[in-house]
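Let's take a friendly walk through this structure, one part at a time. Have the sequence and the 3D view ready as you read.

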Amino acid sequence: MADLALAPAPGAAAESARQLRHARMLSVGARCALPVAILLGIGFLAPLVAIFGYAFATPRSFDVFTSFTLTNFATLFDPSNTVWLSFLWSCGLALLTVAILAVIAYPIAYGLNMVFGRWSALISVFFVFPLFVSENVRLYGWVLFFIKNGVLDGTLKWLGLSGGPEVLYTPGVTLFGMVYTYLPFMLFPMTLGLALVPRDLVDAARDLGAGRLFIWREIELPLAMPGILIGMLLTFVLAIGATAEAKILGGQSIIVISHDIEIAFTYSQNWPLGSALAVLVTFFIGALTLFALSKLDLDRMLGRR
Amino acid sequence: MLQTLPADALSTELPKPILQLVGIRKTFGAFTAVENIDLDVREGEFLTIVGPSGSGKTTLLRMLAGMDTPSEGNITLHGKLINDVPPNKRPTCLVFQSLALFPHKSVGENIAFPLKVKGVDAAARKARALELMRIVRLPESYFDKNVMKCSGGERQRVALARALAYDPEVLFFDEPLSAIDYKLKKTLEKELKDLHRETGKTFIYITHSLEEAMVMSDRIGVMRAGRLVQVGTPEEIYGAPVDRFVCEFVGEVNTLKVKRAADGSWQGVDVPGTFTLAPPRSGAVLDEAFVVVRPEFMRILGPGESADNRLGGVVYNEYSLGSRIQYQVRVGAKVMLVELSRGRALPASLDRQVTLGWDAADAFTLES
């Protein structure tokens, strides 16, 4: 398809003249896309370019594009700098979030497709509903739930028990918050992935003697894989940039990478350093995503190729 | 008219039943999909269940394959009750209407799937898959081909080979040829019947096309509204239909409603006239009956020719059926069909006054 569109059309001179005229004038499609293109250029591309420029500016200065230095990157890669610890925390938490969510979301996705029947739509709404409330508000809700003399602790004490566990402001509760926040982002691609598995194939496999586990391994999982992988990728990318969970629920018991960037921009007033860190993280996630997408051959997984 | 042998003359030589259905009934809520079905499937036979859509034939098949359980009644295989045996524990295999091939697996992997389930090692799996590919006439080079890249006919063969790899005692087919173009369908029908001979397995085939059923089957069961109306050889279904439904299902027919008059003669209801009828096969004494005449048994009477029954009409149109010609003859408001061989074609047929005739022995007298 792409080759066809790019190849010069063989034919008369009139045809190529028409093409030339078209090339000089913007096509209808391009003109229609212009407003969005301008908006994206200003709103999306410009900040990226600015960040990229700042990353090579003199440390602690605000004059972008006037100086060029690699000092910021050198600072970040200096062994005495503990930013790598934040980066490891972010990566580790993101990986754990993805792993836990994969295990939690699969049965729910399976249920939404095969078990819940006409209740599926309502149950889906319950999972979407929290997204209507600001993430920070929801996280503060959990703080009230877990805090000393809060919902959990207070209720248990009222019942005459010794009170709830002291989990607030730990890395563990940070992970809990991330799993909670990103559940819909894993659940819905996964549900779509499982919906792609035709019932007939499961019936046929069963008819050919296969047991449940065999069918799951040989038929359901491979056919649902595109949805599962997209869910994992989406959750990972979101989770690696997460900051609110570590700040609000984790009480800064650990510093994640986005928090480091934020500190550089606000508290330390070192925009070039923050920019350099942002650029590094962006490139890391970008490279990872491209790598994953190149491995993720949707057409082949769906048997179209 | 085709002769039918009395059932008990054959029964001594019939193979023993492999699959027995007794009083099978299936309801979905208030809807009864299958009602009171008794059927003995003989070992090694090619049995086709035929009926219009919604007649319950797929539901019946799903119960036989184990994907549904009957609401009432018993299914036995070799005399053992299998009502609640799940499909993966039954020595039966279903070829789906959609074929249900695994799109992420190659032709070879699809065919070898049941062997993989059984834990057969890779080398033996490949050997058996290649053997089955030869049987269903798939080239060996297709082993690694993506199954979704195969044509419709090739996919049929893959599905068939996969079912055979399971080595079932009974093979079920749920209209697998319905989405295939006519010419290929004709080829595959014959191949399937050849395969039936080659493997000697019991085939139960479901279709809404009686033509398909006629070509392939040893016996045909006709279903209507959840009930098995008639079971018999293709000759019996064609030559001795039990009611108008079966008659009409087999092909185009001329139907006349008749009533017994006070003097005992049969009078036409839609067309005037007195008719001579053969006694109904059931032997019942009727006051009302339907006379059914196939177009090929209807004649156009020349001067001096006689027949038990006569009707005057006008030729409205003619249709060429290849070696035969069909005429639409209007008798009053009633449309009758007559089929003649090409050699006996009427010259300048349109608007011609003709006399239709048929003998009582060539028509069916049916109660309903």
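Two strands count as paired if DSSP finds at least two bridges between them. In general, the strands of a sheet pair through backbone hydrogen bonds, in either a parallel or an antiparallel way. Keep in mind as well that what you see is a predicted model.

With that in hand, turn to chain B. There, five strands make up an open sheet, in the order 15-19-16-17-18, and their pairing is antiparallel. Strand 15 (299-300) and strand 18 (334-341) of chain B are the edge strands, each pairing on one side only. Strand 18 of chain B is joined to strand 17 (residues 324-331) of chain B by eight bridges, and the two run antiparallel. To see one place along this pairing, find B:Gln328, which stands opposite B:Leu337 in strand 18 of chain B.

Now move to strand 16 (residues 309-320) of chain B, where you will find B:Leu311. Is B:Leu311 buried or exposed? A residue is called buried if 20 or more other C-beta atoms lie within 10 Å of its own. B:Leu311 has 24 other C-beta atoms within 10 Å, so B:Leu311 is buried. Leaving aside neighbours within four places in sequence, the residues in contact with B:Leu311 are B:Val271, B:Gly273, B:Val331 and B:Leu356. For a sense of distance, compare B:Phe173: B:Leu311 and B:Phe173 are 138 residues apart in sequence, and their C-alpha atoms are 45 Å apart in space.

Next, look at where the two chains meet. The contact takes 20 residues from chain B and 18 residues from chain A. On the side of chain B that touches chain A, the elements giving two or more residues are strand 6 (92-95) and helix 3 (107-117) of chain B. Helix 3 of chain B provides the largest share, three residues. By type, the residues on this side of chain B divide into 14 nonpolar, four polar and two charged.

Finally, follow chain A. Its mean pLDDT is 87, and 89% of its residues reach 70 or more. Over residues 1-9 of chain A, however, pLDDT stays under 50, and the model has one contact beyond four places in sequence for them. An unreviewed UniProt entry annotates several stretches of chain A as "transmembrane region", including residues 115-133 and 273-296. Residues 115-133 of chain A are 53% helix and 0% strand, with end C-alpha atoms 29 Å apart. Residues 273-296 of chain A are 96% helix and 0% strand, and their end C-alpha atoms lie 34 Å apart.

Terms used
Residues numbered from 1 in each chain as written. Chains lettered and ligands numbered in written order. Predicted model: local features only at pLDDT ≥ 70, side-chain atom pairs only at ≥ 80, totals over all residues. Helix = DSSP H or I, 4+ residues; strand = E, 2+ residues; numbered from the N terminus. Contact = placed C-beta atoms within 7 Å. Nonpolar A, V, L, I, M, F, W, Y, C, P; charged D, E, K, R; others polar. pLDDT = per-residue confidence, 0-100. Buried ≥ 20, exposed ≤ 12 C-beta atoms within 10 Å, placed from the backbone. UniProt positions renumbered as here; feature names shortened; annotations may be inferred.
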